[in-house]
Amino acid sequence: ILLSLHGNYVRIERMSPNNTSVLLIYTGGTIGMIENAETGALESFNFEHLQKHVPELQNFTFRIDTYQFDPPIDSSDMEPSLWAKIVAIINDNYENFDGFVILHGTDTMAYTASALSFMLENLAKPVILTGSQLPIGTLRTDGKENLITSIEIAAAKNTNGEPLVPEVCIFFGNHLLRGNRTTKISAESFSAFVSTNYPPLAQAGVHIHYDENQIARTTSKPLRPHYLMNTNIVVLKLFPGISEQTVRSILNIPGLKGVVLETFGSGNAPVKEWFLYLLKEAVDKGIVIVNVSQCMGGSVQMSRYGTGCKLEDVGVVSGYDSTTEAVLTKLMFLFGHRYSAKVVKENMNRSLSGEITLTLHN
């Protein structure tokens with residue numbers, strides 16, 4: 001094993017006939033924290049810690065390079081400029097690696113995975129996000145298995161030498177999930193993420209079982225990276241008794257482009273005259289309002305009940321079975337390209353990267 005340092009990069013070169021290579025990108029998060037035995041404080045990751053606590057990495061028969069964010073980013077501070085940085089790292093190294101593993105804090109991992117699924121257009125290689133609930137140096141850490149399996153998935157190929165999972169995913173708690181279908185549901189469970197409206201792409205046990213029918217097809221088009229995101233988007237979560245002043249204040253935020261409207265059940269909302277008027281007024285100003293359900297599972301069906309029909313009548317767009325994270329980042333992505341409200345609405349009714357199941361509504 002030969003080690004060589006290149007700026008923020010660390011390369012592990014193994015003398016092996018296997019030409020497969022994986023780039024491990026550490027952004028921050030619990031998985032990379034090490035507890036100081038003297039102070040009890042959690043300290044940031046470095047490559048030596050990783051080598052020490054995951055010696056199994058030495059058993060891989062292919063090259064693994066690592067790239068570290070310096071300083072590491074707490075996932076609560078993750079933002080579009082850092083998503084763009086990740087995209088740039090992947091784009092700059094795209095031809096040199098067969099897959100990418102991103103170590104990331106769990107709190108905003110689903111947002112990052114959703115954003116990357118849109119920003120990495122024509123992706124034909126695995127980009128696997130993972131992390132842990134416990135630091136990798138602790139006795140019962142889930143980080144070791146998450147990391148090792150993610151690397152194995154990122155390197156996996158079929159008999160034709162093509163990647164098995166050419167899309168942005170989250171691997172956590174033995175499940176590989178489509179990135180833009182995931183939501184974090186637990187701050188304590190090792191199964192912290194769910195994808196209620198789309199089945200797992202793979203499940204890891206003694207063997208890793210891939211569901212090829214659910215995995216995106218490999219594209220022959222060249223990778224097209226995107227870096228522009230518009231953050232003038234807001235999430236408006238409805239609740240019984242929400243006031244006119246609250247809704248009016250939110251919908252009149254200066255520069256507002258899009259609203260993720262979290263409604264009840266299958267897309268229902270109050271039918272008070274003032275509420276519908278404010279929505280229509282916002283739509284008429286060019287604000288795109290997308291209806292998503294507050295429920296973990298199921299889909300928005302605005303034509304099912306009269307309350308949903310009224311939202312449709314004033315110009316609210318269905319989010320189908322998308323997650324809030326996917327709709328939010330999709331709106332950021334589309335408005336980041338300066339598309340008109342009309343074009344954005346049209347694209348919200350299309351699956352750009354497997355984020356919605358349109359066949360349920362056709």
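Modeller: Here is a quick tour, from the overall picture down to single residues. Keep in mind that this is a predicted model.

Colleague: How many helices and strands does the chain have?
Modeller: Nine helices and 20 strands. The chain has 362 residues, and 52% of them count as buried.

Colleague: Pockets next. What volume does the largest pocket have?
Modeller: About 580 Å³. Its lining has 25 residues. S117, E121, N122, L352 and S353 lie nearest the centre.

Colleague: Which elements give two or more residues to that lining?
Modeller: α3 (109–119), β8 (120–121) and α8 (324–336).

Colleague: How does the lining of the largest pocket divide into nonpolar, polar and charged?
Modeller: Ten nonpolar, ten polar and five charged.

Colleague: What about the second largest pocket, what is its volume?
Modeller: About 350 Å³. The second largest pocket is lined by 24 residues. Nearest its centre lie S293, Q294, C295, M296 and T324. β19 (288–293) and α8 each supply at least two lining residues.

Colleague: And how does the lining of the second largest pocket look by class?
Modeller: Seven nonpolar, twelve polar and five charged residues.

Colleague: Back to α3. Why is it described as largely enclosed?
Modeller: Ten of its eleven residues are buried, so the rest of the structure largely encloses α3. The buried residues include M109, L116, F118 and M119. S117 is also among the buried residues of α3, and S117 is one of the residues nearest the centre of the largest pocket.

Colleague: Which residues is T112 in contact with, leaving aside its neighbours within four places in sequence?
Modeller: M78, W83, I86, H104 and L129. M78 is 34 residues away from T112 in sequence. In space the two are 8.0 Å apart, C-alpha to C-alpha.

Colleague: Switching to strands. In what order do the four strands of the open sheet run?
Modeller: The order is β17-β18-β19-β20, with parallel pairing. β17 (233–237) and β20 (317–318) are the edge strands, so named as each pairs on one side only.

Colleague: How many bridges join β18 to β19?
Modeller: Six, and the two strands run parallel. β18 covers residues 258–263. For two examples, L261 has N291 in β19 as its bridge partner, and V260 has V290.

Colleague: Which way do its residues point?
Modeller: V288, V290 and V292 point one way. I289, N291 and S293 point the other way. In a regular strand, side chains alternate between the two faces of the sheet. S293 is also among the residues nearest the centre of the second largest pocket.

Colleague: What is phi at Y320?
Modeller: Near 55 degrees, a positive value in a residue other than glycine. Y320 is in the loop between β20 and α8.

Colleague: And R338, what is phi there?
Modeller: Near 60 degrees, also positive and also in a residue other than glycine. R338 lies in the loop between α8 and α9 (341–348).

Colleague: Buried or exposed, for Y320 and for R338?
Modeller: Y320 counts as buried because its relative accessibility is 14%, and the cut-off is under 20%. R338 counts as exposed, at 78%.

How values were computed: Residues are numbered from 1 along each chain as its sequence is written. This is a predicted model: local features need pLDDT of at least 70, side-chain atom pairs count only at pLDDT 80 or more; totals for chains, interfaces and linings use all residues. Side-chain values use heavy atoms; hydrogens and water are left out. Buried means under 20% relative accessible area, exposed over 50%, partly exposed in between (1.4 Å probe, protein chains only). On a 1 Å grid over the protein atoms alone, a cavity is a set of points where a 1.4 Å probe fits but cannot get out, and a pocket is an open set with protein on both sides within 12 Å along at least five of seven lines; lining residues have an atom within 4 Å of a point. Grid points are joined across faces, edges and corners, and a volume is the space filled by probe spheres set on the points. Ala, Val, Leu, Ile, Met, Phe, Trp, Tyr, Cys and Pro count as nonpolar, Asp, Glu, Lys and Arg as charged, and the others, Gly among them, as polar. Contact means heavy atoms within 4.5 Å.
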